[in-house]
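Here are my notes for someone opening this one for the first time. Have a look at the picture, then read on.

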Amino acid sequence: VAMKDAMAGKSDMKDDEIQKAMMKLQENAMKKQQESAEDQKKKSAEFLEKNKTAEGVKTTASGLQYIVVSEGTGAIPSKTDTVKCHYKGTLITGEQFDSSYDRGQPAEFPVGGVIPGWTEALQLMPQGSKWELYIPSDLAYGPGGSGPIPPAATLIFEVELLDVKAAAEEAKPADAKPAAKAKK
């Protein structure tokens, strides 16, 4: 009640008391977020430790885990290429946070312009592949999380690599003249 009154400007609290109360609220909120992140980190570590022994799971040096659902035969993108993918993202609880399938339209983006776990996986996937990725927090959104993704969360993505568009060659300067044809 004192805080409500203070916010409304009808309080007996002095300015420094209000400031101390606000700082205490902020400290409590930060402490709660840190505890949540540590809990998430522990659950993620347990999940990844157990998951790496599951059938078909491969683990890279960075800690990225994946299963090849179906292997494509097309080009493997480089970091500078652009790809078109269908995907579904979930938390380790199974809660979905994003899906291009639900939007009915694949996403297109540069390989180097996404979270590190995606960038790494895409450079291993031949076009036409469908993989399931298990991305540790440090290869995803880290201790801060992002939107519906909690701090320190491990993410699971089902990814279909539909198309690879090679990076465009450097544009030639506008004043460049075509090479003269050789006379016969």
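This is a predicted model: local features need pLDDT of at least 70, side-chain atom pairs count only at pLDDT 80 or more; totals for chains, interfaces and linings use all residues.

1. What share of the 184 residues in the chain is buried? Buried residues come to 31%.

2. On confidence, the chain averages a pLDDT of 85, with 83% of its residues at 70 or more. Strand E6 (residues 130–135) has the highest confidence, at a mean of 98, while helix H1 (residues 2–7) has the lowest, at 57.

3. I'd be careful with residues 169–184. Their pLDDT stays under 50, and the model gives them zero contacts beyond four places in sequence.

4. As for the layout, you'll find four helices and seven strands. Going along the sequence, they come in the order α-α-β-β-β-β-α-β-α-β-β. Among contacts with a separation of 6 or more, 66% join residues 24 or more positions apart.

5. Now the aromatics: the structure has seven aromatic pairs. One of them is Tyr 87 with Trp 118, an edge-to-face pair with 5.4 Å between centres and 90 degrees between planes. Because Tyr 87 sits in strand E3 (residues 82–91) and Trp 118 in helix H4 (residues 116–122), the pair ties together parts 31 residues apart in sequence. Tyr 87 and Trp 118 are both buried.

6. Which residues do ring pairs link into a cluster? Tyr 87 and Trp 118 belong to it, along with Phe 97, Phe 109 and Phe 157.

Terms used. Residues are numbered from 1 along each chain as its sequence is written. Side-chain values use heavy atoms; hydrogens and water are left out. pLDDT is the predictor's confidence in each residue, from 0 to 100. Helices (H or I, at least four residues) and strands (E, at least two) are DSSP runs, numbered from the N terminus. Contact means heavy atoms within 4.5 Å. Buried means under 20% relative accessible area, exposed over 50%, partly exposed in between (1.4 Å probe, protein chains only). Rings of Phe, Tyr and Trp (its six-membered ring) pair if their centres lie within 6.5 Å; planes under 30 degrees apart count as stacked, over 60 as edge-to-face and the rest as tilted.
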